[in-house]
Amino acid sequence: MVSLPAFEHTPIDKIAGIYGKVQKSYLSHKTRGLEFRLAQLRKLYWGLKDNQEAIQEACKLDLGKPSYETYITETGWCMNDIIFTCNNLAKWMKDESAPDIPLMNKALSPRIRKDPLGVVLVIGAYNFPIQLSLGPVIGAIAAGNTVVLKPSENSPNAAAVMKMILEKYVDSSCYTVINGAVPETTALLEQKWDKIFYTGNGTVGTIIAKKAAETLTPVTLELGGRNPAIITKNADPRLAARRLVWAKILNAGQVCVSQNYILIDREILPQFLEELKKTFKEFFPAGAKASPDYGRIVNNRQWTRLKKMLDDSKGKILIGGNMDEADRFLEPTVVQVDSLDDSLLADESFGPLIPILPVSNLDEAIKIANSVHDTPLGIYPFGNKKETDQVLNQTRSGGASVNDGFFHASLPTLAFGGVGTSGSGAYRGRSSFDCFTHRRSVTTTPAWIERMLAIRYPPYKGKLGQY
Ligand code: NAD
């Protein structure tokens, strides 16, 4: 077993000094050049690669995460993002010529520079502790910023490993980790950032946005919501079952984009339930508890919250329901509910609970989905093209996967983000670069144009008549 660094809270009285150091590095302009950015990203890549085992161990301790999931959703994910970013960065950084500029203004060389925003704060969440922290950090480095990362204290082992990697591999005067919980984050929010990137729940998102507003600091908020899956009578029940089970067992359901509830046409419910049972048997032949491929709930507080949601439900448990607090185990649990007021629909579960509400038709499903949460992070319609188009046309959401559970969010280069209360702003691949970049409009006025510019100077007498 690899030995892991200890999670230590950064002393609060050191935070202003750390911020000052990172700000000074930004003002030294050393992060501006392409070569510097590429070198730092490559070092971060090697930091991840060299420490894959430590990351796996940390994610296992924090979330019982299977090593395969850690690779595809954390380490490998970030390494691929770095490769993609390095391969494209020179192109992204290039000035863009402004589109649709009238011919007579072309002499001014109108263009858009891609400038860094400055000193940015990234606040990560616990469920994908590496990806949700380093993903935005990769974009921020690529865009030429300096960065302070505050990982989630609820995945302390992953947070400690990230601190070790950043200290050891990249320029720590430019990119640094502050570990801690609410007091440390509150102290961080006292500093003047050029951008704050926050991932987590909407209540804290509101605190961050209010604090940022005091200094007119721009924010990107990656929040949660209650995401519906809608299964029409024309959907393929086997595909829907396999895909939606996968979307709920990955990371033991602690996925912001996974479906929170399923609205299904009554006509297809029996076949769908049959396929759900078959799928669970296939994925976990000896049950989820005995499977090495199923994670655990992050901590006892979250486990107790999920248990209460389930206990309070008036629905009927159809599959699962087993729990073990000592192991923070919660079996993937399918519950048929009959009311929108059920505890399993009243809030985001952020766990392996699968409430199913039967409906009479697609119109009813859309009406319910819009009434539960009109701007969820994701929406997952299953059916024929006409039906899935109707869902897209009559709902809003951050993203959507047609005939699948959150596949759109699994593509590392497709912009990812919420809308309305599920968040604002987007990142991933090129969008991460854009997220931390100021598109600065610039013109250069040549000397030879001065005669033509006489039109703008006073005295104005007689000039209006020319228009
Ligand atoms: P969390 O407990 O890890 O908290 C997130 C961050 O907020 C942590 O770094 C924490 O230190 C900080 N924080 C907590 N209280 C704070 C306060 N009072 N002031 C300042 N900072 C504070 O994670 P969570 O919020 O419980 O995460 C679950 C929620 O996040 C769910 O709603 C989920 O849908 C959402 N989420 C969204 C995304 C996304 O990409 N849109 C990803 C993951 C999670």
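What percentage of the chain is helix and what percentage is strand over residues 34–442? Select that range to begin: the chain there is 43% helix and 18% strand, and the end C-alpha atoms lie 20 Å apart. Helices (H or I, at least four residues) and strands (E, at least two) are DSSP runs, numbered from the N terminus. UniProt, in an unreviewed entry, places the feature "domain: Aldehyde dehydrogenase" at residues 34–442; UniProt positions follow the numbering used here, feature names are shortened, and annotations may be inferred rather than shown by experiment.

Before going further, keep in mind that this is a predicted model, in which local features need pLDDT of at least 70 and side-chain atom pairs count only at pLDDT 80 or more, while totals for chains, interfaces and linings use all residues. Residues are numbered from 1 along each chain as its sequence is written.

**The ligand and its shell**

Select the ligand next, and display the 28 residues that surround it, of which the closest are Ser-152, Gly-200, Asn-201, Gly-224 and Cys-256; a residue is counted here if its C-beta atom, placed from the backbone, lies within 6 Å of the molecule. The elements that give two or more residues to this shell are helix H7 (182–189) and helix H8 (202–214), and H7 gives the most, with three residues. Coloured by class, the shell has 12 nonpolar, 12 polar and four charged residues, where Ala, Val, Leu, Ile, Met, Phe, Trp, Tyr, Cys and Pro count as nonpolar, Asp, Glu, Lys and Arg as charged, and the others, Gly among them, as polar.

Now select Glu-222 and Cys-256, which UniProt lists for "active site" in an unreviewed entry. They span 35 residues in sequence, yet no two of their C-alpha atoms are more than 9.2 Å apart, so they gather at one spot.

Two strands are taken to pair if DSSP finds at least two bridges between them. E7 and E17 pair in the antiparallel sense over two bridges, and Glu-222 stands opposite Gly-423 in E17.

In the loop between H8 and strand E7 (219–222), stop at Leu-216, which has a positive phi of about 55° although it is not a glycine.

**The three-stranded sheet**

Move to the open sheet of three strands, whose order is E1-E2-E18 with antiparallel pairing. Its edge strands are strand E1 (96–97) and strand E18 (437–442), each pairing on one side only. Two bridges join E1 to strand E2 (residues 111–116), and the bridge partner of Glu-96 in E2 is Ile-112.

**A helix pair and a cis bond**

Select helix H4 (residues 67–93) with helix H5 (residues 131–142), which pack at an angle of about 10° with their axes 10 Å apart. H4 and H5 are therefore roughly parallel to each other, since angles under 35 degrees count as roughly parallel, over 145 as roughly antiparallel, 65 to 115 as roughly perpendicular and the rest as oblique.

Finish at the peptide bond from Pro-458 to Pro-459, which is cis, with omega near -5°; Pro-459 lies in the segment after helix H16 (450–453).

Technical notes:
Axes fitted to C-alpha atoms, helices over the stretch in contact; angles between N-to-C directions.
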